[in-house]
Amino acid sequence: MGEQNKGVWGNEILDGGFLQVPLSLLRNYKAFGLTDSELCLALVVLSYKFSESDPWPSTATIARLMGKKPDAVFKASRSLKEKKMLLRYEKDGVTVWDFTGLTNMLLAIPSIKKDRGGYIK
């Protein structure tokens, strides 16, 4: 973890882990049509991404961390799938969460728009 993060948050907080999130996602999620719950779902799931492999937290874990019922997680994930931002699939008995679609949408933001601090206007 970088020294800048330590200066902002301190070691005690960061020892529990942290999540790097592109500002282009935080600044544009509404422009992409994401709801607050969908963004929260993506952030919770991506907090389990420790390598190039797609993460596979359980729906129950995601619901607990979001403070929601599993039905709300299913609803948000279904909406993300319809928006082509999420692909969920079964592998070795677990549900795997693939946000390649969301990543591709972020990569499609024209560089001229990125120059304005990552905002789509």
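Which residue forms a salt bridge with Lys30?

What we have here is a predicted model, where local features need pLDDT of at least 70 and side-chain atom pairs count only at pLDDT 80 or more, while totals for chains, interfaces and linings use all residues. Residues are numbered from 1 along each chain as its sequence is written, and side-chain values use heavy atoms, with hydrogens and water left out.

The partner of Lys30 is Asp36, and the closest N and O atoms of the two are 3.2 Å apart. A salt bridge here is a side-chain nitrogen of Lys or Arg within 4 Å of a carboxyl oxygen of Asp or Glu. As background, side chains of opposite charge can pair when their charged atoms come close. Asp36 is partly exposed, because its relative accessible area is 47%. On that scale, buried means under 20% relative accessible area, exposed means over 50%, and partly exposed is in between, using a 1.4 Å probe and protein chains only.

How many salt bridges does the structure hold? There are 3. Another one joins Lys83 to Glu38, with the closest N and O atoms 2.8 Å apart. This pair links distant parts of the chain: Lys83 sits in the loop between α6 (70-82) and β1 (87-91), Glu38 sits in helix α4, and they are 45 residues apart. For those labels, helices (H or I, at least four residues) and strands (E, at least two) are DSSP runs, numbered from the N terminus. Is Glu38 buried or exposed? Glu38 counts as buried because its relative accessibility is 3%, whereas Lys83, at 27%, counts as partly exposed.

Then there is Lys49 with Asp54, whose side chains meet in a salt bridge at 3.9 Å, N to O. Lys49 is partly exposed at 34%, and Asp54 is partly exposed at 22%.

Lys49 also takes us to the largest pocket. Its lining has 21 residues, and Gln20, Pro22, Leu46, Lys49 and Thr103 lie nearest the centre. The elements giving two or more residues to that lining are α4 (36-46), β2 (94-98) and α7 (100-107). Of these, α7 gives the most, with 4 residues. A pocket is found on a 1 Å grid over the protein atoms alone: it is an open set of points where a 1.4 Å probe fits, with protein on both sides within 12 Å along at least five of seven lines, and lining residues have an atom within 4 Å of a point.

Next, look at Val21, in the loop between α2 (11-14) and α3 (23-28). Val21 is partly exposed, since its relative accessible area is 25%. Leaving out residues up to four places away in sequence, Val21 touches Leu26 and Leu43, where contact means heavy atoms within 4.5 Å. Val21 and Leu43 are 22 residues apart in sequence, and their C-alpha atoms are 8.0 Å apart in space.

Finally, find Thr59 in helix α5 (residues 59-66). Thr59 counts as buried because its relative accessibility is 15%. Which residues does Thr59 touch, not counting those up to four places away in sequence? They are Pro70, Val73, Phe74, Arg88 and Trp97.
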